[in-house]
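Me: Can you walk me through the contacts in this one? Start with how you define them.

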Amino acid sequence: MTARGPALRLLPALDDDNRFFWTSGADGRLRFLRCPACRAYVHPPAPRCPECLAAGLAPEPVSGRGRVVAHTVNVHGWIPGSEPYLIALVEIDEQPSVRLTTNLVDVEAEDVATGMAVEVVFDEHDGVFLPLFRPAERTAP
Amino acid sequence: MSPPAEEPLERRAAITGIGQSAVGRRLGRSGLDLTVEACLAAVADAGLTRDDIDGLATYPGMGVGTPGFAGPTGPEVHDALRLRLNWHDGGGEGPGQMRALIAACLAVGAGLARHVLVYRTVTEATAQGGGGRQGIGGDGGGDGGGGVPRFSGFLQWMLPFGAVSAVNWIALVAQRRMHEFGLTRDQLAQIALNARRNAAENPAAVFRDPLTLDAYLGSRMISTPLCLFDCDAPADGSTAFVVSHRDYAPDAPRTACHVQAVGTALRGRPSWDQFDDLTTMAARDAAAAMWERTDLRPADVDVAQLYDGFSVLALVWLEALRFCGRGESGPFVADGTAIARTGSLPLNTAGGQLSGGRLHGFGLIHEACVQLRGDGGARQVVRRGGPPEVAAVSNGGGPIAGALLLTRGRG
Ligand SMILES: [Zn+2]
């Protein structure tokens with residue numbers, strides 16, 4: 001049985017730049033900053049669009065769907081009490097250059113494939129909504 | 001891009017002295033003690049005294065990191081040796097651990113100093129006890145205040161998901177290479193096995209017992225597909241160099257190792273998870289930049305000391321430095337002959353970091369000089385009846401990368 005993640009969640013320190021991201025899952029939606037000019041999604045948060053340098057970036061919801069770019073099962077006991085868990089790099093469907101390091105959940109390690117379609121699910125810890133990903137129920141490619 | 005018309009500034013520099021402290025697992029000595037030992041050895045090796053040293057550089061200098069990572073600061077060494085400096089520098093940001101050496105080359109080239117002492121010291125084995133490598137988040141260091149700390153900066157995107165060690169981040173690189181290029185664990189193992197074979201001929205190496213493919217494949221997983229033997233070992237030790245203006249080389253008592261070119265580029269995003277090509281990351285840019293600064297070509301390289309903090313990184317560097325094609329490093333190392341001491345490209349001839357110990361980049365530079373000088377003893381590489389003439393060195397993994405090309409004669 002592959003664990004959902006480490007036994008202890010080390011959490012981000014929330015600030016005015018990242019709060020929207022780490023609390024976005026409160027309504028079940030994943031959000032990234034988006035540029036009003038060139039429409040690029042920007043991650044991690046930045047004061048201006050790193051592509052076109054426009055100001056006025058604002059969080060926008062995305063579908064929460066993506067694909068597994070790479071995956072690993074952490075076995076070593078960095079965090080005491082942890083069972084092996086899946087770490088993955090997931091690119092979002094809207095803009096594959098935006099990636100998240102995350103945990104794959106509701107899936108066994110042997111069933112994970114590179115390129116697999118996944119969808120976001122949130123685990124809440126002390127007001128932080130961690131975006132994790134599970135295999136997607138995908139109807140169309 | 002064609003080589004710049006003007007001679008690269010770093011070519012005015014040469015490594016005229018090398019020194020290394022005792023190296024081992026849990027020496028129980030202070031970082032400053034080890035550093036002074038290495039520095040004095042390097043100064044004497046260069047035929048100089050401390051009064052000749054007018055520059056000092058180190059990586060990472062005053063900094064954070066897991067226990068035993070940083071070593072003594074520049075000011076501590078400066079004062080311990082009562083140096084009188086015209087130039088000094090320390091820092092953790094830049095083209096890999098060798099950033100300190102590159103900075104020294106530029107300082108010498110610019111005339112800011114004539115003889116720069118450069119060092120890197122680790123006491124990770126003593127600091128971490130017998131438990132081995134620590135996770136980045138394992139010692140706290142966040143800013144939560146009370147209870148479990150919270151994390152800012154790039155660690156906030158990693159630690160919440162238990163991606164607490166560089167091995168996790170590099171395991172993703174290895175897995176992606178398996179997916180894209182068909183890399184196998186047997187091929188990955190060759191980096192570890194080659195390192196162990198070479199370490200057997202290096203009295204200072206921390207692991208010298210024979211390692212078999214079966215033992216490799218049977219060892220415990222750390223973060224798939226990387227097992228115990230894919231990870232370097234925390235060590236204690238200090239490595240030091242004297243970087244001089246090349247005009248001093250003829251007067252130096254030992255063969256000078258001339259700096260032909262350095263590679264410092266980082267053209268992709270400086271990020272472990274947002275870099276455009278996960279299979280190469282920053283090695284691609286640093287290696288390309290190095291070749292842009294020299295007329296030498298990959299085929300001219302006689303010996304390579306490539307960063308192997310994790311085995312897969314050596315494969316990444318083999319491709320980045322164009323010793324083989326993109327995605328072809330697995331087959332290139334597959335039977336171990338090409339990278340053996342008698343092969344076409346002898347690799348990590350002192351055991352690398354995997355078996356030599358995690359001297360964090362500087363051990364690789366040291367071994368390049370040993371080989372160019374012909375001081376390798378039982379592990380000496382022979383080319384055209386003599387020592388190698390050209391050595392390639394790389395430092396770093398993920399978004400951290402620096403490359404260096406050294407020559408025995410003046411470039
Ligand atoms: Zn824009």
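Reply: Contact means heavy atoms within 4.5 Å. This is a predicted model, where local features need pLDDT of at least 70, side-chain atom pairs count only at pLDDT 80 or more, and totals for chains, interfaces and linings use all residues. Residues are numbered from 1 along each chain as its sequence is written, and side-chain values use heavy atoms, with hydrogens and water left out.

Me: How many residues does the contact take from chain A and from chain B?

Reply: Chain A gives 40 residues and chain B gives 38 residues.

Me: And how much area do chain A and chain B bury between them?

Reply: About 3,300 Å², with 57% of it on carbon and sulfur atoms. Buried area here is the accessible area (1.4 Å probe) that two parts lose on being put together, summed over both.

Me: OK, switching to chain B. What are its domains?

Reply: Domain 1 is 8–128 + 234–254, and domain 2 is 166–231 + 257–411. The bounds come from an automatic or database domain assignment.

Me: How far apart are the centres of the two domains?

Reply: 22 Å, taken over C-alpha atoms. Domain 1 of chain B has 41 residues in contact with 40 residues of domain 2 of chain B.

Me: How many salt bridges there?

Reply: Four between domain 1 and domain 2 of chain B. Separately, Arg254(B) forms a salt bridge with Asp375(B), their closest N and O atoms being 2.9 Å apart.

Terms used:
Chains lettered and ligands numbered in written order. Salt bridge = Lys/Arg side-chain N within 4 Å of Asp/Glu carboxyl O.
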